[in-house]
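Have the sequence and the model side by side. We start with one residue and then step back to the whole chain.

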Amino acid sequence: MYLIYMNKDEFTQKILALEKSTYHIAVTILKNDEDCADAMQNAILMAYKNLPGLRQKEFFNTWFTRILVNECYKLIRNRKPTISYEEYPEQAASDDEPTHSGVYEEIMHLSETHRLPFVLHYIEGYSVKEIAQILGISQGAVKVRLFRARSILKERLSD
């Protein structure tokens, strides 16, 4: 094993280049802007602390995405489903207003099992192999999930 040295500026540039992609991934899992910001911030801190664990620089994007996905799941496990009394009228009003396209809404209604690989592949451009590494599953499982997500979306959007 050899150590990779990445200075603070190089790390920052790589993180900034991934900003839009990481937001899409986080919102796919968490569906909440505040939680996405927390997960992204936690993932950046975790990645910076564990930078010596990165063995090859060319795998930085996949490595960081895996950290982000883990942070998102950690937030979900620790989440307490409450809404403050002050926020309730705002939340109820915003729930009535459609803000996204029908395609976006249907993607967000997919189960997380299908939604995350779909977003990683078709929106963020990750390969099947990279998605398998990020999610810790086989490439075959990724292909099946992508196929099922496409089938579900095709059925729902054809109506």
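Which residues does R115 touch, not counting residues up to four places away in sequence? They are T28, I29, K31, I107, M108 and L110, where contact means heavy atoms within 4.5 Å.

This is a predicted model, in which local features need pLDDT of at least 70, side-chain atom pairs count only at pLDDT 80 or more, and totals for chains, interfaces and linings use all residues. Residues are numbered from 1 along each chain as its sequence is written, and side-chain values use heavy atoms, with hydrogens and water left out.

R115 sits in helix α7, residues 112-123. Helices here are DSSP runs of H or I with at least four residues, and strands are runs of E with at least two, numbered from the N terminus. R115 is buried, that is, under 20% relative accessible area with a 1.4 Å probe, protein chains only; exposed is over 50%, and partly exposed lies in between. R115 has no salt bridge, meaning a side-chain nitrogen of Lys or Arg within 4 Å of a carboxyl oxygen of Asp or Glu. The nearest side chain of opposite charge, E112, is 4.0 Å away. A polar atom of the R115 side chain does lie 2.5 Å from the backbone oxygen of T28.

Now turn to helix α9, residues 139-158, which holds I152. I152 counts as partly exposed because its relative accessibility is 26%. Leaving aside neighbours within four places in sequence, I152 is in contact with L110 and H114.

Step back to the chain. It has 9 helices and 0 strands. Of its 159 residues, 33% count as buried.

Key. Lys, Arg positive; Asp, Glu negative; His and termini not counted. Polar contact = N/O pair within 3.5 Å; in protein donor to acceptor, adjacent residues only side chain to side chain.
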